[in-house]
Amino acid sequence: MDVATLIGLGLAFGAVIASIFMEGSTPMSVVLPAPMMLVIGGTLGAGLATTTLKGFLGAFSSLGSYLLYKEKDPHETVDLVVKLADRARREGLLALEDATREIDDDFIKDGLQSAIDGTDPEDLRAVMEAQIDGKKANDKAIAKVFTDMGGFAPTIGIIGTVVSLVHVLENLDEPSTLGHMIASAFVATLWGLLSANLIWLPIAARIKRISEMEAQKMEMAMEGLLAIQAGANPRSVGQRLRALVPTAKKPAKEAA
């Protein structure tokens, strides 16, 4: 499990809480039910209004898989494809039939099975590219739900502040309560900005990044499987795939 986002959000909220204490206040001073309900409820409602109910619920139901995502080493994919290429070169493509049962990556398994079944290379590429495009489109739709809510939250926070300030103006004849009421009014703006920049937008950015990494891995696997189908030399297959590995993920000597 990659806990970068969980650690990052914890650090961000910790910094906010620490600053509150340093100001001589307590976190409970900003935990007010009314503005929090307005911001959170309003943001969720506005987010739902931008999409379908199925899409909205689907985004939240799949959120756990993105937050708990564990990044896979692309070199493991390279090694697997090279191993398959070597066996196919020695024993023939049909000899990989039993290897499909040991592969836990559905994309690679299905692509390899199609190659074994004799699917035309152009058709196989078209099918695999369609799967990659479908993955990207699904991730983009999910990320958009959270990006939209990140855009709505600050404005809804301002709406909450305006609503509270109207109440303040109605009570100008009670000067002793104005300070507390004005402070409470700005809590809505705080929660709008905080939820947007410490929850919704970071989540959307993580989904986009994970989508990019998954698409890169799938594209690399596709090129490897097509090379295997064409009977390419395992050594050249490995060199070609390693060239597709992002520089940041290459060993120091290889990256240099």
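Here are some notes on the helices, cores and aromatic contacts of this predicted model.

1. Start with helix 8, which covers residues 175-229. With 55 residues at 1.5 Å each, helix 8 should span 81 Å, and its end C-alpha atoms do sit 81 Å apart, so expectation and model agree. That said, helix 8 has a kink of about 40 degrees, centred on Ala 196. After the helix comes Gly 231, with a positive phi near 80 degrees.

2. Next, the largest nonpolar core, which has 29 residues. The members that touch the most other members are Leu 84, Leu 96, Phe 107, Leu 112 and Ile 228. Two or more residues come from each of helix 5 (74-91), helix 6 (106-116), helix 7 (121-169), helix 8 and helix 9 (234-244). Helix 8 is the top contributor, giving nine residues.

3. Phe 107 deserves a click in the viewer. Leaving out residues up to four places away in sequence, Phe 107 touches Met 128, Gln 131, Ile 132, Met 218, Ala 221 and Met 222.

4. On to the aromatics: searching the whole structure turns up four aromatic pairs. Take Phe 146 and Trp 200: the ring centres are 6.3 Å apart and the planes meet at 25 degrees, which is under the 30 degrees cut-off, so this pair counts as stacked. Phe 146 belongs to helix 7 and Trp 200 to helix 8, so to speak a link between distant parts of the chain, 54 residues apart.5. Are the two partners buried or exposed? Phe 146 is buried, because its relative accessible area is 0%. Trp 200 comes out at 11% relative accessibility, so Trp 200 counts as buried too. Both rings belong to one aromatic cluster that also includes Phe 56 and Phe 60.

5. With 1% relative accessibility, Asp 139 counts as buried. What does its side chain make a polar contact with? The partner is the side chain of Ser 211, at 2.9 Å. Leaving out residues up to four places away in sequence, Asp 139 touches Tyr 66, Ile 207 and Ser 211.

Technical notes. Residues numbered from 1 in each chain as written. Predicted model: local features only at pLDDT ≥ 70, side-chain atom pairs only at ≥ 80, totals over all residues. Heavy atoms only, no water. Helix = DSSP H or I, 4+ residues; strand = E, 2+ residues; numbered from the N terminus. Expected span 1.5 Å × (residues − 1). Bend = angle between axes of the 7 residues up to and from the residue. Core = buried A, V, L, I, M, F, W, Y, C linked by side-chain atoms within 4.5 Å. Buried < 20%, exposed > 50% of the residue type's maximum accessible area, 1.4 Å probe, protein only. Contact = heavy atoms within 4.5 Å. Phe/Tyr/Trp six-rings, centres within 6.5 Å; stacked < 30°, edge-to-face > 60°. Polar contact = N/O pair within 3.5 Å; in protein donor to acceptor, adjacent residues only side chain to side chain.
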